[in-house]
Amino acid sequence: MEFKDEKKQKPSSSNWLLYFTKCFPLSSSSSSLHSPSSSVDINNGVDEEKHHNMLLFDPNSKTTATKRKPGGWRSMPFVLGNETFERLATMGLLANFMMFLLTQFHMDQVNASNLLNIWSGVGNFAPLLGAYISDAHVGRFWTIGFSSFASLLGMMTLTLIVSIPQLHPPPCALAQKRLDQCKGPTISQMGVLITALGFLSIGTGGIRPCSLPFGVDQFDATTDEGRKGINSFFNWYYTTFTVVLIVALTLVVYIQDSVSWIWGFGIPTTLMFCSIILFFVGTKVYVYVKPEGSVFSAIAQVLVAAYKKRKLKVPADEEVHDRVYYDPPLKGTSILTKLPLTNQFRFLNKAAIIMEGEFKSDGSPSNHWRLCCVQQIEEVKCLLKIMPVCASGIICFTAMAQQGTFTISQALKMDRHLGPSFQIPTGSLSVISMITVGLWLPFYDRLLVPSMHKITKIEGGITLLQRIGIGIVFSILSMVVAGIFERMRRNSAILHGKEDGIAPISVMWLAPQLILMGFAEAFNFIGQIEFYYKEFPENMKSVANSLFFVTVAGANYLSSAVVSIVHKVTAKNGRPDWLTKDINAGRVDYFYYLLAAMGVVNFVYFLAIARRYSYKSVMHIIEGKDQVDVELNDIIKQ
């Protein structure tokens, strides 16, 4: 076996889904197990002199991969068709929902923003539960199936809300709007709305964490053809997602604004129904992967085991590693990244210390809540190591969340005409950010990265943390520019004093802040996804995906909290608060400056943690004709 040190190579987009495995107990064919004091190696004779940072392959293992006939591309029309219809339905509802709350339910911008943020937060936390149920209990197929019906119920309820007069507030005439006399929703009407949003959150919790892995399940990742199929599936998946997003933000939003909300909600509901039909039509060609347990259970086991053994001392002598710690070969797959035991978060190492009587006769641990393998422990350490970086994304995403709330309120009080008769729908403005990302990424990836690579000798031109940091800076600039243009818009509206409160300024003046936010997304949003992808071990990529959504959920809740605090604190001496219902009487520009100041504090925090962060290293291991990338955690000696 030959080792070659390399600079970090860009991994295949499918690597993290190829080997989703756990720490396996020793098989009955292994050497007999004894207590730590025994002269026989407890870890099945792993040579202490062998490097721990290697891909382990046991040719004598009786565990072999089960042959199967994958659905492959035969199942893709059903998988991608279901995903396309489902996303078009969901995005069609979400893109203009702030507008719906403001104009149809006559909610003020603070309550509408809080409702939207709280609901988005629940929707981003729900995939954690959905991933656990799928991995540990029912599998991806039934999780997607059940969740799709929940989404359909939510969409049908929303369609009924706009169709039946008793389920929404009465229409508000222009004269009533000027006098702020529009009747808001009753308790029962809000109850029906929250029920609909609850069904949609259940659907999101099951579909979001399972749709992409279920598509990958259809290919046999052990073959070249299967791996090529997975790469192609990723391309098609994100291509359809982009097309769906454009259609939802333009056509569906236009129907909702200019035709009717009944059609605007009815069309996504019909598409969701078609999605379910298409999903179940493909039942006979799908590959079904049985649930094998959730990685969240393994994380809990490490924490519990370390606590139970908290009074033990961690051995200082590295030479006794194999006799003290439970570190078996990782069986059940031919290739897996083996993580070494490190000194970072050393208190967790106690979970792997072997005590007398902790093994069964077949060599497996008698209680996984008292003894964990080194691999499990290092995976938990990886999670703890990344959490501070994850926290830095919350305030950045809080700034991004304003695109769907107060930016909409600004647009409603600006000239949205494009030509003599066409008005730009407020919900379509976020297309500007998406177009920015779409134009910037090819230029960045194909031209800028190669040029920077020649200077920095870094694979991506700059490090991932540098990319995330640049995104934070762009989010701060976006809030500063938003504040400047909001001040200009407000002054113009007050100066002209029109009855409808609309400033004679084109809505396209909002483009600079949206373009800057597009750059923030391109650097920070996408940078965080890639950072989690590369820094997490293979079998914790589902945790990485969930952690990203938890960060977004944290941003939603922080946004709601900040809005509520500003709303209550800033009303003084008879003056309206910054976020009062009449945006021209409020000071939304001050709110944007507050978010910019929070972003500056967050950037200083990010610089502090980034300086201390240590990336994983990469080593090529060549076995015969095979050459595989191995990502390893740096050993941090304390």
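This report describes the fold, helix packing, strand pairing and selected residues of a predicted model.

## Basis of the model

The model is predicted: local features need pLDDT of at least 70, side-chain atom pairs count only at pLDDT 80 or more, and totals for chains, interfaces and linings use all residues. Residues are numbered from 1 along each chain as its sequence is written, and side-chain values use heavy atoms, with hydrogens and water left out.

## Overall composition

The protein chain contains 19 helices and 5 strands. Helices (H or I, at least four residues) and strands (E, at least two) are DSSP runs, numbered from the N terminus. Of the 638 residues in the protein chain, 52% are buried. Buried means under 20% relative accessible area, exposed over 50%, and partly exposed in between, with a 1.4 Å probe and protein chains only.

Contact means heavy atoms within 4.5 Å. Among contacts in the protein chain between residues at least 6 apart in sequence, 82% join residues at least 24 apart.

Axes are lines fitted to C-alpha atoms, for helices over the stretch in contact, and angles run from 0 to 180 degrees between N-to-C directions. Angles under 35 degrees count as roughly parallel, over 145 as roughly antiparallel, 65 to 115 as roughly perpendicular and the rest as oblique. A crossing is left-handed if the near helix is turned anticlockwise from the far one by less than a right angle, and right-handed if clockwise. For the classes of contact residues, Ala, Val, Leu, Ile, Met, Phe, Trp, Tyr, Cys and Pro count as nonpolar, Asp, Glu, Lys and Arg as charged, and the others, Gly among them, as polar.

Helix α13 (residues 374–401) and helix α17 (residues 511–535) cross at roughly 165°, with axes that come within 11 Å. The two helices are therefore roughly antiparallel to each other, and α13 passes α17 in a left-handed crossing. Residues of α13 in this contact include Cys-382, Ile-386, Val-389 and Cys-390, and those of α17 include Met-517, Ala-520, Phe-531 and Tyr-532. By class, the contact of α13 with α17 has 13 nonpolar, 3 polar and 2 charged residues.

Against α16, helix α13 packs at an angle of about 25°, with the axes 9 Å apart. This pair is therefore roughly parallel, and the crossing is again described as left-handed. Val-389, Ser-392, Cys-396 and Ala-399 of α13 meet Leu-465, Ile-468, Gly-471, Ile-472, Ser-475 and Met-479 of α16. The contact of α13 with α16 comprises 7 nonpolar and 3 polar residues, with no charged ones.

## Packing of α16 with α19

The axes of helix α16 (residues 464–496) and helix α19 (residues 588–612) come within 8 Å and cross at roughly 165°. That makes α16 roughly antiparallel to α19. Their crossing is left-handed, and the contact has 18 nonpolar, 4 polar and 3 charged residues.

## Strands β2 and β3

Strand β2 (residues 414–415) runs parallel to β3, and 2 bridges join them. Two strands pair if DSSP finds at least two bridges between them. Asp-415 has Ser-506 in β3 as its bridge partner.

In a regular strand the side chains alternate between the two faces of the sheet.

## Buried residues in helices

Ser-148 lies in helix α5 (residues 140–163) and is buried, with a relative accessible area of 2%. Not counting residues up to four places away in sequence, Ser-148 touches Ile-207, Met-272 and Ile-276. In helix α14 (residues 406–412), Ser-409 counts as buried at 6% relative accessibility. Beyond its neighbours within four places in sequence, Ser-409 is in contact with Met-98, Leu-102, Gln-109 and Ile-583.

Ala-544 belongs to helix α18 (residues 541–569) and counts as buried at 5% relative accessibility. Leaving aside neighbours within four places in sequence, Ala-544 contacts Tyr-532 and Phe-536. The C-alpha atoms of Ala-544 and Cys-390 are separated by 9.9 Å, although these residues are 154 apart along the chain.

## Positive phi in loops

Most residues other than glycine have a negative phi, and most peptide bonds are trans. His-106, in the loop between α3 (97–103) and α4 (109–138), has a positive phi near 55°. His-106 counts as buried at 9% relative accessibility.

Lys-457 has a positive phi of about 65° although it is not a glycine. Lys-457 is placed in the loop between α15 (431–456) and α16 and is exposed, with a relative accessible area of 52%.
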